[in-house]
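I opened this model to look up cavities, cores, contacts and a few backbone angles. My entries follow in the order I made them.

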Amino acid sequence: EAIVAAAERLGRGDRAAQLAGLGPLQGHLRTEVTEAVATLHYLVLPDRMSLILTTPYERRSHVWTEWEGEPFSEQRLDAVIAAFHHALSNPAIDPRPLGRRLYELMLAPFERELRENGVELVLLSLDRRLRYVPVAALHDGDRFAVELFEFSTLTNAGYELAGRRVAGIPVAALGMTQAADGFAALPGVGIELDGLVRGDDGFGLMEGRVLLDAAFDRIALEDALVIGAGDPAGMGVVHISSHFHLGRSDDQSFLLLGTGEWLGLDEIKADSFAFDFGRVDLLTLSACSTGYANPALDGRELESLAYITGDRGARSILASLWPVEDRMTAILMQRFYELRERGGYSKARAMALAQREFITGEIGSRAHLDGDSIVFETAQRGAVSLVDPGTPDPHRLGRGHPFYWAPFVLTGNWR
């Protein structure tokens with residue numbers, strides 16, 4: 001109650017309302033979720049940060065008014081987040097020291113409770129510029145956080161609690177490989193989509209269709225949203241491999257179509273008939289870019305995207321916080337879908353396992369899925385080496401650097 005009151009007192013009424021609703025959430029965890037799940041809600045105020053842990057049978061809170069021997073300030077937190085992002089975006093910089101500082105702040109207060117309750121999946125409700133933090137990349141001094149837990153982000157739609165798992169559904173894969181209007185070419189997109197959709201040669205993971213470059217126009221996107229209409233589950237996957245720029249507001253956010261045209265998020269928002277996401281189990285945006293580098297933004301553009309698509313029915317969204325080298329994105333995306341479709345894992349676990357394989361250098365490991373992984377043939381076709389060249393410098397992480405695997409954040413139905 002004190003945390004909610006503090007939020008209201010400082011004009012954060014929207015956040016206060018969310019935190020006040022944690023009682024029903026706990027009931028849902030008890031009655032509707034059989035997996036080992038907990039939620040973590042964060043509230044960032046100018047002079048303090050609050051964490052609320054909710055498990056099926058208890059709720060605990062922790063308030064930081066001091067951090068690292070100094071009074072807590074949102075300004076100092078933002079500076080650490082900015083430095084962390086700088087380290088994450090450069091494979092030559094070791095992000096673990098900064099990841100350790102943020103781990104101590106964001107996860108360590110409830111580490112013991114999470115372990116004692118056998119929690120495997122942590123559902124996150126982030127606040128302010130914490131929305132830009134890939135929590136999977138935090139570090140406890142020995143391991144990255146994703147080696148300890150799986151993570152997914154909460155929405156207000158409730159799909160993460162009441163959602164069901166569907167598999168074997170068709171995929172509509174749309175991509176842009178060419179440079180256009182200031183955006184770099186994405187040559188790895190063709191490789192990525194080739195392994196996702198089964199072609200005439202039998203190569204590929206799922207049934208569906210691929211639309212590249214000029215074939216990927218507005219009408220193609222509208223058609224893609226209903227690809228699941230003929231499936232028994234009534235659902236489909238929409239995978240978009242093109243630049244999706246999330247700006248300060250909906251009218252500054254847009255998807256780059258394969259034709260080179262921009263499709264504004266405000267246009268998607270305005271046309272609920274054409275852009276109905278009700279048959280989309282998973283919307284993947286594998287080349288998304290957010291405003292994390294702009295200190296004036298606080299991540300609301302991420303929530304706007306999730307709100308618009310989730311409110312229209314999309315059960316889950318997988319999006320990147322920053323652009324990644326597209327050939328390695330192809331490998332990560334294919335391994336994620338492979339673990340989910342062929343291994344029977346949930347979305348959250350499939351992503352966590354794929355990320356762990358990058359960390360350990362065992363991409364395509366048989367420990368998670370028997371048989372040869374599709375990524376090996378993809379690597380051969382695309383001239384991508386899966387063998388980490390390694391380095392004598394212990395501060396260089398190679399492919400295990402979070403730059404390659406950390407930006408992908410799952411929101412909504414994690415099953």
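**Cavities and pockets**

I began with the lining of the largest cavity: strand S10 (236-245), helix H10 (265-270), S13 and helix H11 (300-311) each supply at least two residues. Helices (H or I, at least four residues) and strands (E, at least two) are DSSP runs, numbered from the N terminus. The model is predicted: local features need pLDDT of at least 70, side-chain atom pairs count only at pLDDT 80 or more, and totals for chains, interfaces and linings use all residues. Residues are numbered from 1 along each chain as its sequence is written, and side-chain values use heavy atoms, with hydrogens and water left out.

Rolling a probe the size of a water molecule over the atoms shows where empty space is left. The search runs on a 1 Å grid over the protein atoms alone; a cavity is a set of points where a 1.4 Å probe fits but cannot get out. A pocket is an open set with protein on both sides within 12 Å along at least five of seven lines, and lining residues have an atom within 4 Å of a point. Grid points are joined across faces, edges and corners, and a volume is the space filled by probe spheres set on the points.

I counted 2 cavities of 30 Å³ or more. The largest cavity holds about 90 Å³ of space. Its lining has 11 residues; Phe244, Ile268, Phe277, Leu283 and Thr309 lie nearest its centre.

Next I looked at the second largest pocket, with about 170 Å³ of space. Helix H1 (2-9), helix H2 (13-20), helix H3 (22-31) and strand S3 (59-64) each give at least two residues to its lining. Among the lining residues I noted Glu1, Leu19, Ile52, Arg59 and Arg60.

**Cores**

A nonpolar core is a set of buried Ala, Val, Leu, Ile, Met, Phe, Trp, Tyr and Cys residues joined through side-chain atoms within 4.5 Å. Buried means under 20% relative accessible area, exposed over 50%, partly exposed in between (1.4 Å probe, protein chains only).

The largest core has 96 residues. Tyr42, Met49, Leu77, Met106, Leu130, Leu138 and Trp405 have the most contacts inside it. Helix H13 (residues 347-360) gives this core its largest share, 8 residues. A second, separate core has 28 residues, including Val238, Leu263, Ala274 and Leu285.

I then checked Met49, taking contact as heavy atoms within 4.5 Å. Not counting residues up to four places away in sequence, Met49 touches Tyr42, Leu43, Val44, His62, Val63, Trp64, Phe72, Leu77, Leu105, Met106 and Leu130.

**Aromatic pairs and Phe151**

Rings of Phe, Tyr and Trp (its six-membered ring) pair if their centres lie within 6.5 Å; planes under 30 degrees apart count as stacked, over 60 as edge-to-face and the rest as tilted. My search of the whole structure gave 7 aromatic pairs. One of them joins Phe149 and Phe151, edge-to-face, at 6.3 Å centre to centre and 70° between the planes. Phe183, Phe254 and Trp262 form one aromatic cluster.

Phe151 is found in strand S7. Its relative accessible area is 14%, so Phe151 is buried. Phe149 is buried as well. Phe151 and Val135 are 16 residues apart in sequence, and their C-alpha atoms are 7.6 Å apart in space. Val135 is also one of the contacts of Phe151 beyond four places in sequence.

**Asp281**

One of 3.3 Å joins the side chains of Asp281 and Lys347. Leaving aside neighbours within four places, the contacts of Asp281 include Arg164, Arg315, Arg340 and Asn413.

**Positive phi**

Arg128 has a positive phi of about 55° although it is not a glycine. Arg128 sits in the loop between strand S6 (121-125) and strand S7 (150-153). Its relative accessibility is 26%, so Arg128 counts as partly exposed.

Asp213 has a positive phi of about 50°, and is not a glycine either. I found Asp213 in the loop between strand S9 (208-212) and helix H9 (218-224). Asp213 counts as buried because its relative accessibility is 18%.

Notes. Polar contact = N/O pair within 3.5 Å; in protein donor to acceptor, adjacent residues only side chain to side chain.
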